[in-house]
Amino acid sequence: MTARPDLELQDRVFAVLDSPAAADAARRALLDAGFADGAINRFEGPSAADAFDGTGRAHGPIGRVRRAIQFSLMDQMPDLAWYEAALRDGRVVLGVQAPGRAGAQRAVEALVSAGGHFINRFGRLQTEEFVRWQGPEPAVPTLLRR
């Protein structure tokens, strides 16, 4: 997947999968849970890491300012740096559009069933952590650690 300048976060659940095979299984689980194929995004490889751009570095000065503002407004914006690091470490990140509490819960159950971890939902005005990081932590800046 190529990097996108504006990653859509609202009403999305993101999860880290430790292998391409686990990501394939998670995609199948999401489809089986009733999510449309077009609602699922797969991020893989270093170029996809730039879509998350946890510090705003990849999008230049305006991107840095935008991330700084987002960090002050949303408590889980530092999580983007973790997703970025996961991709740079060779893991896969899946995102699924899951509006509402029930949709988010269905997505989380499907992702967990396939080995997903570091599962977070980004809502309109709030974020929610469902599953913490599992295994060795990625290299993220100290400021962005929990």
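This is a predicted model: local features need pLDDT of at least 70, side-chain atom pairs count only at pLDDT 80 or more; totals for chains, interfaces and linings use all residues.
**Ground rules.** I number residues from 1 along each chain as its sequence is written, and side-chain values use heavy atoms, with hydrogens and water left out. Local features need pLDDT of at least 70, side-chain atom pairs count only at pLDDT 80 or more, and totals for chains, interfaces and linings use all residues.

**Sheet.** I looked up the strand order first. It is S2-S3-S1-S4-S5, an open sheet of five strands with antiparallel pairing. Strands (E, at least two residues) and helices (H or I, at least four) are DSSP runs, numbered from the N terminus. Pairing takes at least two DSSP bridges between two strands. S2 (40–44) and S5 (127–131) are the edge strands; each has a single partner, so one side of each lacks a neighbour in the sheet. From one strand to the next, the twist averages 20°.

**S2 with S3.** I then checked this pair. Five antiparallel bridges join S2 to S3 (residues 92–97). Arg42 has Leu94 in S3 as its bridge partner.

**H4 on the sheet.** H4 (residues 79–88) lies across S1 (12–17), S2, S3 and S4 (117–122). It runs at about 135° to S4. Angles run from 0 to 180 degrees between N-to-C directions; axes are lines fitted to C-alpha atoms, for helices over the stretch in contact.

**H1 against H5.** Which residues of H1 meet H5? I found Ala26, Ala29 and Leu30 in H1, facing Ala107, Ala110, Leu111 and Ser113 in H5 (contact: heavy atoms within 4.5 Å). The axes of H1 (residues 20–32) and H5 (residues 100–113) come within 8 Å and cross at roughly 145°.
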